[in-house]
Amino acid sequence: MYTLENGMLELVARGTGKKTSKLASHIEPITLSDVMVIRGRNHDYVGTSSAENCFRKLKEDYEKIVVAGEVIAGFNQIIKKNEVDENIFFLVLNFLHFLNDAELGSNELIILKIVFEIKFLKLLGYLPSFSRCSRCDERDISKLKYFNNQEGGVVCSKCVLAANEENVIIDEDLINNIKFLTKCNFDEILKIDISPKIIAKINNIVGSFKKYQFE
Ligand SMILES: [Zn+2]
């Protein structure tokens with residue numbers, strides 16, 4: 001359970017296996033709940049709890065569940081126990097609200113996931129550099145030709161190590177689109193016009209960078 005006051009908590013919930021359990025519905029995955037935690041000697045327990053938002057529309061949409069599942073799986077892998085960060089709590093909450101409420105096509109769902117991942121990396125202090133060469137600080141966008149996980153961002157054609165298989169070829173258009181997405185709010189996603197091909201490439205870059213940093 002990810003909490004506002006105490007970060008990630010591991011709690012034991014009693015009696016949730018029963019079909020009539022009221023508690024189970026208040027603490028099912030992807031639910032905003034008000035939960036009282038009971039401290040125990042060996043474990044902490046879920047006390048009284050009441051669901052404030054079950055994100056029902058999200059849970060009725062298979063494509064939305066897939067995106068939420070991917071985002072939450074990655075989140076659980078990175079967030080350590082007892083690290084408190086209310087900005088991260090509200091980022092996840094805003095993401096779930098937007099995913100629940102907005103009408104989103106397949107391309108928009110991928111854009112939403114990318115925007116979430118970028119904001120998440122930024123809060124964790126891991127956002128890669130897209131504006132200047134990670135090695136020599138070159139800022140001329142026309143010279144930034146590669147993205148390299150090891151270097152932690154874009155690299156210019158002078159600095160690139162040719163034999164490095166991590167190099168992803170990029171161009172000005174792609175950099176400008178990524179830079180735009182780093183500043184974008186969730187509700188602006190509905191107005192974005194980026195081709196599915198470029199979105200797929202950005203998704204790969206962000207996904208493999210995250211994998212490189214955290215796996
Ligand atoms: Zn360089």
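Buried residues account for 22% of the 215 residues in the chain. The model is a predicted one. Its C-alpha trace spans about 65 × 40 × 25 Å along the principal axes. Seven helices and eight strands make up the secondary structure of the chain. Contacts reach across the sequence: of those between residues at least 6 apart, 56% join residues at least 24 apart.

**Sheets**

Take the β3 side. Strand β3 covers residues 11-12 and strand β5 covers residues 44-53. They pair in the parallel sense, over two bridges. V12 has Y45 of β5 as its bridge partner.

Now the β4 side. Strand β4, residues 32-39, pairs with β5 in the antiparallel sense over seven bridges. V35 stands opposite S49 in β5, and S33 stands opposite A51 in β5. How many residues lie between β4 and β5 in their hairpin? The hairpin has four residues between the two strands.

Another open sheet of three strands runs in the order β7-β6-β8, with antiparallel pairing. Here the edge strands are β7 (153-156) and β8 (168-169), and each pairs on one side only. Strand β6, residues 144-148, is joined to β7 by four bridges, and the two run antiparallel. Within that pair, Y146 has V155 of β7 as its bridge partner.

**Helix packing**

Two packed helices are described by the angle between their axes and by the distance between those axes. Two helix pairs are set out below.

| Helix pair | Residues | Axis angle | Axis distance |
|---|---|---|---|
| α3 and α5 | 62-78 and 106-124 | about 20 degrees | 11 Å apart |
| α6 and α7 | 172-183 and 196-214 | roughly 70 degrees | within 11 Å |

Start with α3 and α5. Their axes pack at an angle of about 20 degrees. Angles under 35 degrees count as roughly parallel, so α3 and α5 are roughly parallel to each other. Their crossing is right-handed. On the α3 side, the contact uses E63, V67, E70 and V71. These meet S106, L109, L112, K113 and F116 in α5. By class, the contact of α3 with α5 holds five nonpolar, one polar and three charged residues.

Turn to α6 and α7. Their axes come within 11 Å and cross at roughly 70 degrees. Angles of 65 to 115 degrees count as roughly perpendicular, which means α6 is roughly perpendicular to α7. From α6, the residues in contact are L174, N177, I178 and L181. Their counterparts in α7 are I198, K201 and I202. The residues of this contact of α6 with α7 divide into five nonpolar, one polar and one charged.

**Loop residues**

K191 lies in the loop between α6 and α7. Is K191 buried or exposed? K191 has 7 C-beta neighbours inside 10 Å, so K191 counts as exposed. K191 and E108 are 83 residues apart along the chain. Their C-alpha atoms are separated by 9.6 Å.

Most residues other than glycine have a negative phi. Two loop residues have positive values.

I30 sits in the loop between α1 (22-26) and β4. Its phi is near 55 degrees, a positive value in a residue other than glycine. I30 has 18 other C-beta atoms within 10 Å and is therefore partly exposed.

D137 is found in the loop between α5 and β6. Although D137 is not a glycine, its phi is positive, at about 75 degrees. How many other C-beta atoms lie within 10 Å of D137? There are 11 of them, so D137 is exposed.

Definitions and conventions:
Residues numbered from 1 in each chain as written. Predicted model: local features only at pLDDT ≥ 70, side-chain atom pairs only at ≥ 80, totals over all residues. Axes fitted to C-alpha atoms, helices over the stretch in contact; angles between N-to-C directions. Parallel < 35°, antiparallel > 145°, perpendicular 65-115°, else oblique. Contact = placed C-beta atoms within 7 Å. Nonpolar A, V, L, I, M, F, W, Y, C, P; charged D, E, K, R; others polar. Left-handed = near helix turned anticlockwise from the far one by under 90°. Pairing = 2+ DSSP bridges. Buried ≥ 20, exposed ≤ 12 C-beta atoms within 10 Å, placed from the backbone.
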